[in-house]
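The sequence and the structure are shown below.

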Amino acid sequence: MEATTETLQRTEALLEPWRERMQTPEPDRIYLSIGPDELLDVVRTLHDARWGYLSTISGIDPSAEDSEMEVLYHFCSGPIVVTLRVALSREHPTTPSVCSIIPSASIQERELIEMLGIDVVNTPDQSLLYLPDDWPEDLYPLRRDFDPAEIAKREPRKHSKAHTDSDKFVVPIGPQHPALKEPAHFEFTLDGEIVTGASVRLGYAHRGIERATQNMNWTQNLYLLERVCGICSHIHAEAYCLGVEHLAGVEVPARARVIREIVAGLERIHSHLLWFGVAAHEAGFDTLFMYSWRDRETVLDLLEGISGNRINYSINVLGGVKYDITPELTEKIYKGIEFLDERVRHYLNVSTKDTMFLQRTRGIGVMTKEQAEALGALGPTARASGVLRDIRVDAPYGAYLDFPVEPVVETAGDLEARFIVRLEEILSTVVMIREMLDKLPEGELTTRMPRRVKAGETISRVEAPRGELFYYIRSAGGETPERIKIRTPTILNLGTVIVSAVGHQFADMPMILAGVDPCFSCNDRAVEVRSAGSDPEPWSWEKLRQYGIEHYR
Amino acid sequence: MSVQLDKPWQRILDEVATWARKNSPWAIHYNSGSCNGCDIEILAALTPRYDVERLGVTLHGSPRHADVLICTGPVTRQSADRLRRIYEQMPEPKFVVAVGSCALTGGVFHDGYNCLGGIEKVIPVDVFVPGCPPRPEAIIDGVVKLLQKVDPDRTPARAGSEIVSEKEDTHGSYDRNPATD
Amino acid sequence: MNTILSLGAILLFPSGLFLLFNGIVYEWIDKKILARQQNRMGPRWFQPLADVTKLMVKEEIVPAGVNATLFNLLPIFALAGPLTAALYMPVGGIRPLLSFKGDLIVTVYLLSVLTIATGLAGANTASRFSLLGATRTLTQLFSYEAPFMLALLGPAIAAGSWQIAEINDYAGNHLLLLREPIGFVIAIIGLAGKLELPPFDAPEAETEIVAGAMTEYGGRGLALFHLGRSAELVLGLTLIASFYLGGVASPLAYLLKTLALLLGLAGFQALMTRLRIDQTVGLWWRYGSLIVLVQWLALFVLDMSRGGGIFS
C-alpha cells in the first residue's frame, strides 16, 4: 500500500496545475474534469512523465434531454486510475484526437465516432469499426435516442467494396478460414512469401452488447455479459459483479470470493490450454493439438462438476456465487490439477526443446519491450515482452488480496516466450488453486443484493486470461445500468499483430495471430495498418493509416 | 442429382451414392457472430475424447470440399452476406447444421440492433442443435440425425428442410467466385 | 503382349483397380496409425473408399476465371501419371510387366506428373490460396526432386543398371539399406515431400492457405487427385522397398516391406511441426543434396580402395 500512496502523491504532483478540478472519490481513483481544449495538455503531461498507459476511452450519453455528453479517458498505472472527464455539448460534440501523443488510441476514437457520433478532430482514421459496411450515416447506437427501427428506414451507407490493387498480391484470411475459429478479416499483402502489409477488419461478431445492457436489469445483464465470450465467460461476469457490488456497497462473503478465483483459475487453465492446442495446430503440429485438448477435458470436467456446464458455467450472482465447492469436489480438483501439472510440464518441455517446433516459434514475431509499452499490450502478450502488467499483481481484487500472485515474465518477446509465459502461468495457477482449496474459508455463499443499485459510477479491472479486462459501470439509481463499457484485452493486443506481421513469412501469420490469443467475439473493433517495406517505422500508426481502410468485419 | 431410375443397376448405384454420402460427411465451420462457446465445442468434437473422424466427419477449410455447413452464432449484419456466399459456394448435395441457441433464434442477442436472428433467416437449415453451448455429444448427435435424413429420394437442397427462406435464390445458383475469397 | 493382356495390365493389375484399391487401403492404414498416435480412434476401414465415392457422385463446380478444359483434364493427368508408372514397377511383388533399359528415369518422371498437375491446377484458378499453393507445390518439387533422384540412383549405380527390374533383383541379394543408409533416409523423406505429408505439407497448409492448389476442386476432380496421391504412396513405398529393403520378389515380401515402411512414414508424420516453405527448400538444398553426395563420395572412395569400382 505504500507504493500506492507514493504513486498517488506523484500523480497529484504531476497534475498540480489542475488541482482545483481534481476529485479523489476513492483512494486509488483520481477524477479530473477538464474541457476539450485542455485534454491534450493533460495527456501530454501524463505521457511525457511515462505515467502508466491509456487503458480505455469511454463515451456516455446520459440522457436525450441533457445538453451534455461525456468522454472519459482512463489512464492506469499500477492500482491508480486517473480518469479525465471531458464534457461535450450534445449539439456539437467535438474533442481533439490524442493519437498524436498516443497512436494506439485510434481504435477507441473510431469507436467514439461511430457509436456516439462524437467528432474527434484530427483522428487519423474515421472509418467504421464495428458497425456493418452499410450502416446508415448519422445513426449512433449508443445515443440515448437511438431507435433500431431507424436502421431499415434510413438510406444505407455507400461503401466501396474491398479493392484489390492489380499489382499487389493480397491474400485474405477470414472471415471463414481454417486458422480462425472466429470471424475476422485479415488481408495480407505478399511479395512472394513475405508479408509487406497487413490489415484487419473486425466486427463480424458485433452483437451490440453494450447497448443491450441498458435495456436489461442488473441481474439479467449478468447472463448477457457471460456471453460476451464463451472462452472467458466467468471473468466477464466476475468483472461485472465486482463493479456492481462495489457500487451497491455490498460485501461478498469470504468463501464466495475464494470460490470465484478458484473458478477463474480453472478458466485460465482451460483458456491457456485451448490456446496452446490451437497455436500448435496453426504450426501444423496436430498431435500436440490433440494431446493438449484431450488434457483440457480434465478442466472442463471439473468446471462441469462445480457448475453443471462445460462452458458458460455461470457461477456468479450479484453478491456471491451460486455453487459451493464440496469436499468431494475438492478431492476431484486436487486430482485433476495434479494431472494437469504433470502434463503441462511435459508441454513446456516440448515447446522449449523440440527443434522442429522451435523453428516455428523462436525469434518469430518479436515485439520489443518498448513496442509493447507503446502499443499498450496486455496480459501474457505484454509479459512475454518483459512488461509486467497483471491486474492481479498491480491492483489485487477479490481473493487475490489474501493470495498474492507471483507473475510470470519473459523478456524475449517472440512466440516461444509467449508459449513459455502461458504454460508457466498454468503451473502457477495450479499452485494457487491448491493453496485456495487448502485455505477455503467457511461461511455463506451470498449476501443480499438490492434490486436497485445506488447512483454512481465505478471501474472494475480484472485480469482475464488474455490480459486486463476493463469495465466501466454507471448507475443512475434504477433497475438498469445507465452505461456499461467493456474494454477487452484483445483490442489493445491486436495492434501488436500488425507490428509483428510485416516482414515475416506468410506461413508465420497464423502463428503470430494466434500468438496474442485474439478473441474477436469479445471485441468488435477494426484496425488497419498498411505499411510499405521502406517505412523505417513500420508501426507508426499515423503514417500508415492514411491508406484508408476497407473491410469487412 | 438423383434421377428417377428403375433399372436395377441404377438403383444399386443410387444406393452406393447414398451410402458414401452417409459415411463421408465433410464439414465446414462458419461463425457468424457467436461468442466462441459453440465453436470451441465443435473443435472439441474433433479431439480424442469425442473424435468424430471415427464417423467419417472431418473439418475442411474450403467450401468446395464440404458437404455440411456447421454454423454458430446469431447472424450479424456484417456477416450475413458472407454466410450466404459460403453456402452458395458449396456443391450439391449440401446440408446445414445450426449449432447453439444463438444460431437457432438469435439467443440472448435476438433483439440486438446488429443481429438479424438465427441462421435460418439467411440460409435453409436442416438440423438444429440447441444448447448454450451444446455439448460435443449433442453436436455429434445433430450430425448423426442429419445423416439419417440423407436419402436419394429427396432433392439434395431440400433434404428435410422446412425453412423456405430464399430457397429460390440459392437453389441451383452457385457462386463461382474463388472460394473463401 | 496381346491386347487383352495389356488391357488387363492397365485396368486391373498391376495398374488400375489393384493399385487404386491398394492405395485406398494404405491411406486408411496411414490415417489410422496417425489417429492412434494422437490418441484417437481414427477412421473406419472403409473411410477412404466412402470419401472417394462421395466425391465422385458430388456435383462439380467449375469456378469463374479458369480454363475449363484444363480444369477438367488436369485431375485425369494426375491419376494417369502414377497409373502408367505402375507398369514399370514390381507392384504386388510381381516382376514389372514392362521393362527397358533406363525405365527408372522414366518412372521417376512419371511420378512427378501428379505434382506438376497439382501445380498447374492451382495456377489455373483465380483463387489466391490456390496460386500460393501452386507456387509452393512447384517450389517444393524443385527442392526434393534432385535429392530424391540421387537417393534412387545410389542403388542403381550399385546394381550397375538403370532398369527397375534388374535393380530389384540385385537388391534381393544385397541389403542396400546397410550399405547406403543415408540414401535410404533421404529417399523416405523425399517421399514424404512428394506426397506433401507433414512436415512438408506447406503446399496445402490448412491454417494458411486452406487447401492450397486443391482449394477450388470439389467432386470428381478432387477425387482423382486424391486417388492419384494414394497410388503414388503405394508406388513410392514399392520403389523404396525394392531398392533398399532387399527387393520385393514375392507378394508376401511386398506386403511386409511396404507396410513396414508405411508404419515408419506414419509415425514420422505424427511427430512433426510443419516446415515453412523456405525452411523446406533450405533443408533439401543445404543438407539433403549434400549428404547424398557425401555418401556417394564415401562409397566411391571405399570402392576404389577395395580395388573394385561401382562406377566402372
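## Sheets, domains and contacts

Over nine bridges, strand 13 of chain A pairs in the antiparallel sense with strand 14 (residues 467-475) of chain A. Strands here are DSSP runs (E, at least two residues) and helices are DSSP runs too (H or I, at least four residues), numbered from the N terminus; two strands pair if DSSP finds at least two bridges between them. The model is predicted: local features need pLDDT of at least 70, side-chain atom pairs count only at pLDDT 80 or more, and totals for chains, interfaces and linings use all residues. Residues are numbered from 1 along each chain as its sequence is written, while chains are lettered from A and ligands numbered from 1 in the order in which they are written.

In that pairing, A:Ser460 has A:Tyr471 of strand 14 of chain A as its bridge partner. Helix 7 (residues 233-248) of chain A packs on the sheet, where it touches strand 13 and strand 14 of chain A, and its direction makes about 150 degrees with that of strand 13 of chain A. Axes are lines fitted to C-alpha atoms, for helices over the stretch in contact, and angles run from 0 to 180 degrees between N-to-C directions. Residues are in contact if their C-beta atoms, placed from the backbone, lie within 7 Å. The sheet itself is open and antiparallel, with three strands in the order 13-14-15 (chain A). Strand 13 (456-464) and strand 15 (481-487) of chain A are at its edges with a single partner strand each, so one side of each has no neighbour in the sheet.

Chain A also holds an open sheet of five strands in the order 1-2-5-4-3, with mixed pairing. Its edges are strand 1 (22-26) and strand 3 (53-60) of chain A; each has a single partner strand, so one side of each is left without a neighbour in the sheet. Neighbouring strands of this sheet are turned by 25 degrees against each other on average, direction ignored.

| Helix of chain A | Strands of chain A touched | Direction |
|---|---|---|
| Helix 2 (residues 36-48) | strand 2, strand 4 (68-77), strand 5 (80-89) | about 160 degrees with strand 5 |
| Helix 3 (residues 106-116) | strand 3, strand 4 | about 5 degrees with strand 3 |

The domain assignment, which is automatic or from a database, divides chain A into domain 1 (2-153), domain 2 (169-206 + 499-545) and domain 3 (209-487). The C-alpha centres of domain 1 and domain 3 of chain A are 27 Å apart, and their contact takes 15 residues from domain 1 and 15 residues from domain 3. On the side of domain 1 of chain A that touches domain 3, strand 3 of chain A gives the most, with six residues.

Between chains, the contact takes 39 residues from chain A and 37 residues from chain B. Helix 9 of chain A gives the most to the side of chain A that touches chain B, with four residues.

Chain C has 13 helices and zero strands. Its radius of gyration, taken over C-alpha atoms, is 19 Å, close to the 20 Å that the globule rule gives for 312 residues, so chain C is as compact as a globular protein of that length; the rule is 2.2 Å times the number of residues to the power 0.38. The C-alpha trace of chain C spans about 65 × 50 × 40 Å along its principal axes.

Conventions: Contact = placed C-beta atoms within 7 Å.
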